[in-house]
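Hello,

Here is the structure I said I would pass on. Please open it first, then read my notes below.

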Amino acid sequence: KTRPFGLAGAHWWDPPVMEPAAKKAKTDDGTGPQEAEQGKPSDEPHEQKEAEEPRELEEDAPAKKSKAIQNPVLFHTEDTTLNCMTSTFGKIMMPLTDGGLQYLLAGARANVGLKSGRYMFEAKLLEVLNPAEDSAARQRTSVPRNLLRVGVSTAGSSLFLGEAGDGIGFDMDGSLMYNKKAEQATPGFTTGDVVALLLNLDDTSPNANTVSLFKNGERASLPKELPEILRGKALFPTLTFKNVTISYNFGPTPIMPLRFTCRMVQDASVNDATASTSNESERSEVLFPTCLPDEGTFDWLDMFLEENPHYTELSDRAILSWAERSGLIRPKSKIEHANFLSGAAQELVGQRSSNDKPEMGFGIAMMDDGSVRRVLHAVAPLQRRNYVVMEVKSNLLKEERKDILSKWSASGFKRTAAVMMGEPPAALAARCQDLKLKAKQVVADAAFSAKKAEEQKKKIIEKQQREVERQRKRAEKAAKLAAAEKAHGQQGESEKKEGDEADEELKDSGDEEDETMKDQEEPPKVELTEEEKSRPFRKTPLPDLGAYILSTSFTKFSIPQQEEGFDEVRFDWSKGNDCQEYLKQWVRNRKLTTRIEDLQPSDWFSSKWKEWQKTLQAWHAKQSQHKQIMAKKAAEQQAKVAAKEAKNKAKEEAAAKEAKDKTVAEQQPVAQEEPKVEGENSEKKEGQEQSAEAGNANGEHKQEGEMAVEQKKLAEEDGEQDEPAVDFENLDVFGVENILDIGGSEPLFSAFGFEDWQMMSLRFELHLLAHAFRRDVNDPDRLGIPLEHLPFYYNKYFKKALNTKFYGVENPRELLEYVRDTVMAIGNNQVVEAQLPDDMESLGIFVMLTEESRRERMRRIDLGDDSARLKLSQPQVAVPSPVQGIRPGLPLVSAMRPAAAMVASALRPPIATQWQRPAAAATQAFSANGVLPGTFRPMATLAAAPARPFQPAWRPFSR
């Protein structure tokens, strides 16, 4: 037989089947079945068989038995793509090739479909267009620059032949396309060629259910069998093209007659054909759906298009899908493919893309900059078809609705606004529930597969380990049996038998474990929770509107009115008043959870912030000045005491010397005096020694008393010059009238350290932020800053990050516990509210609150409560490099002069407790060393004398 279908039951679109070796050898030898069995050569040479042309099985068409169809065969506008332009006469068709449309496929399906019989239609390639293209487009598409496919497809299917299983067609490069698979079937065709596609659905024909291609009247391909899915259905002539101009001919007379007569589609019998209806005679409608974001918007659209296939979607989503189906390559992240992500992953993706305005990302300028959208919106009113303009944000904003409506004012379309707010219909709710269940099942299946893969991996490793252990035991048994056989013959046989039994037991246990690996259980079936069932809408992988777009526009959302230019405003879900109330409540709720992305700090905030910086700088200077005065007084007092002690010591030494000289003089005997009795001399000597000791003791007590009196007198003299000292520890903090002088020129913040200054600054910043937000927003529905958005607004106002780790806490909620005397998070929505008014005359209250908090913290620490300690990260102080030029072996000597070191230590507190004062540019940050960006720079204290390197007494030896 000449029918080119190979083995029975095999199809060209199936994977190739390998022939048996015997049959392949038989075929290669050119022998028939009987000759192969008998070993006889074939009567005809193999070369002669190859030279024979296949006999044409198609015969002339029989005479007409029934009436032909009366309606003209043509392309309805709704059955073509938006970039497809059809001439009013001449049957010529070409695509638009401007603004990025040159990268998109065009498609058209005829209005008459064939159910039976044998018919043909023709197409001629008139021109190949070469529009300007981006240089990067060649690497961004898998489809050639010029393309023409001729074939058939089912009603309502894709207009792009070969994309799915509902259409089949021949490409100009010679391949037969079906379901994204290609088979080389023809030599191809080019400009000027007339190709005819013959569809044979005649069950009596030897080529029944086949499709063939003829070029310039000659057969260009063998009959190709139709896939099973296309059999028994009405098949409509379809053209898919790109950057070419073509003419089509549905008959009744062919341009290039075939070797046999074949009726054309226009001459088809009414029994063999079916015609699709068109609504072009009626007034076309352009529909503007008005839906709230993330409330079933695009789920409703998908369901609407399934029920109304004659409507064309106008949206960025449709353009993106069209471009991908046209072969443009768009790198996608795994997040976009996963329809089960939620939380932070969805928020991250939503910042750059959304369902309303998806990110194109093709790398082609005219595709990514919106040029295609502008061209399509300009062309759409010129084509008579029904549209659905899906613009989520624009359809909710009055000004943008007016702009869109103005493009359709003179087109004659019926402009309808469909408002869908409130409780969705049962069909849509059921669809959303089904999609939620499928998405949840996908997550469960993925987790199950990952778990099984991990278990499989572990079992394989265990199996390998068992095999290694088995080999080791076998080797040990073999060695043991060999030794036993050598020593005892029969006993070795019994041991060998026992070893084989033990090895079989080991093998069986391992094999049983391996068998369990083969029985894989099915993934668990998931169900929706009650909470998930209670929500009528599902959460899609991408939000309908991006976070920034939503936050800057939702307060201006409104319901369309007929006065805006609509011919009709209908409410599909709820009544008009109910929709109005639903929208108002939705906006109120959204205000409590949505950030204001375009919020800008006011002049009031800037003035208050500058005033605080100036005041804070003065307070730091005051504390530094007080510390210097106290250090100076301490140094002077120490110097006076040291001088007094030196003076007293000199007096003591002089008195001791005088007493000693006197004692020596009294003890020396006169030379002329006669000697006395020994007993009398000894008694006299002892008496003199006792008198001397008593004198010395009295002198010492006298000197100590004099020193104490002098010190007391010195202190009294100093006290007369200074003001009375203040009991700082027992001072009533909130009763202080002047925080800069609580007595003795001492400020209330004299004991502040690094932690206290930071906490006071935090108090004022959060206080100012809460009041500035309320003033700048000026919205009664926004009571304050939501706690979860506190870091965002802090960064927007102060131009620095709110790093909770710097304060030793994990989140803003814990941070507010430190300053709950100034700001608090209140209500169910946890809104940050200030506890102090915004019109205070003095900022001293922040010093008082911080001092009171410091005292309470110190009391708790003194009682042993270590949890009261603040865990702030202090700025790192740069350590100077070691002095260069030190002689090896010598100890490291300080490079500072002793006098300078003594003065510096007397006037400056240790570095660990030293505080800093604010910089002139308060918004600048510390260096990037992990420290919280702050508004301070190191305090300008009395500088030490410049360091002088140690000068060795030796000179290096040089040659």
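What follows is a short tour of what was found.

**Overall picture**

This is a predicted model. The protein has 959 residues, and 41% of them are buried. The elements comprise 22 helices and 27 strands. Take the contacts between residues at least 6 apart in sequence: 76% of these join residues at least 24 apart.

**Confidence**

Mean pLDDT for the protein is 78. A value of 70 or more is reached by 74% of the residues. Which elements sit at the two ends of the scale? Strand β15 (residues 236-242) has the highest mean pLDDT, at 96. Helix α22 (residues 898-907) has the lowest, at 36.

Two stretches need a note. Over residues 1-51 pLDDT stays under 50, and the model has 43 contacts beyond four places in sequence for them. Over residues 694-702 pLDDT also stays under 50.

**The parallel sheet**

The partner of β19 is strand β20 (residues 386-389), in the parallel sense, over 4 bridges. Within this pairing, L314 stands opposite V389 in β20.

**The cores**

The largest nonpolar core holds 65 residues. Which of its members touch the most others? They are W300, M367, W408 and F557. Helix α4 (residues 297-307) gives the most to this core, with 6 residues.

W408 is worth a look. Setting aside neighbours within four places in sequence, W408 is in contact with V286, F288, L314, A380, P381, Y387, V389, F413 and R415. Two of these names have come up already: L314 and V389 stand opposite each other in the sheet.

A second, separate core has 54 residues. Among them are W757, L768, L816 and A834.

**F304**

Now back to helix α4, where F304 has its place. Is F304 buried or exposed? F304 counts as buried because its relative accessible area is 12%, and the cut-off for buried is under 20%. Leaving aside neighbours within four places in sequence, F304 is in contact with L287, Y311 and V388. F304 and V388 lie 84 residues apart in sequence. In space, their C-alpha atoms are 9.6 Å apart.

**A hairpin**

Strands β24 (residues 823-826) and β25 (residues 831-834) pair in the antiparallel sense over 4 bridges. I826 has V831 in β25 as its bridge partner. The two strands form a hairpin, with 4 residues between them. In the turn, G827 has a positive phi of about 80°.

**Backbone details**

- G251 and P252 are joined by a cis peptide bond, with omega at about 15°. P252 is in the loop between β16 (244-249) and β17 (273-275).
- K91 has a positive phi, near 55°, in a residue other than glycine. K91 lies in the loop between β2 (84-86) and β3 (92-95). At 35% relative accessibility, K91 is partly exposed.
- K180 also has a positive phi, near 65°, and is a residue other than glycine. The loop between β9 (175-178) and β10 (181-184) holds K180. At 68% relative accessibility, K180 counts as exposed, because the cut-off is over 50%.

**Cysteines**

How many disulfides does the count give? The count is 0, taking a pair of cysteine sulfur atoms within 2.5 Å as the rule. C291 is buried, with a relative accessible area of 4%. C579 is buried too, at 0%.

**Where to start**

Then go to W408, which has both L314 and V389 among its contacts. After that, turn to the hairpin of β24 and β25.

Best wishes

Notes
Residues numbered from 1 in each chain as written. Predicted model: local features only at pLDDT ≥ 70, side-chain atom pairs only at ≥ 80, totals over all residues. Heavy atoms only, no water. Buried < 20%, exposed > 50% of the residue type's maximum accessible area, 1.4 Å probe, protein only. Pairing = 2+ DSSP bridges. Core = buried A, V, L, I, M, F, W, Y, C linked by side-chain atoms within 4.5 Å. Contact = heavy atoms within 4.5 Å. pLDDT = per-residue confidence, 0-100.
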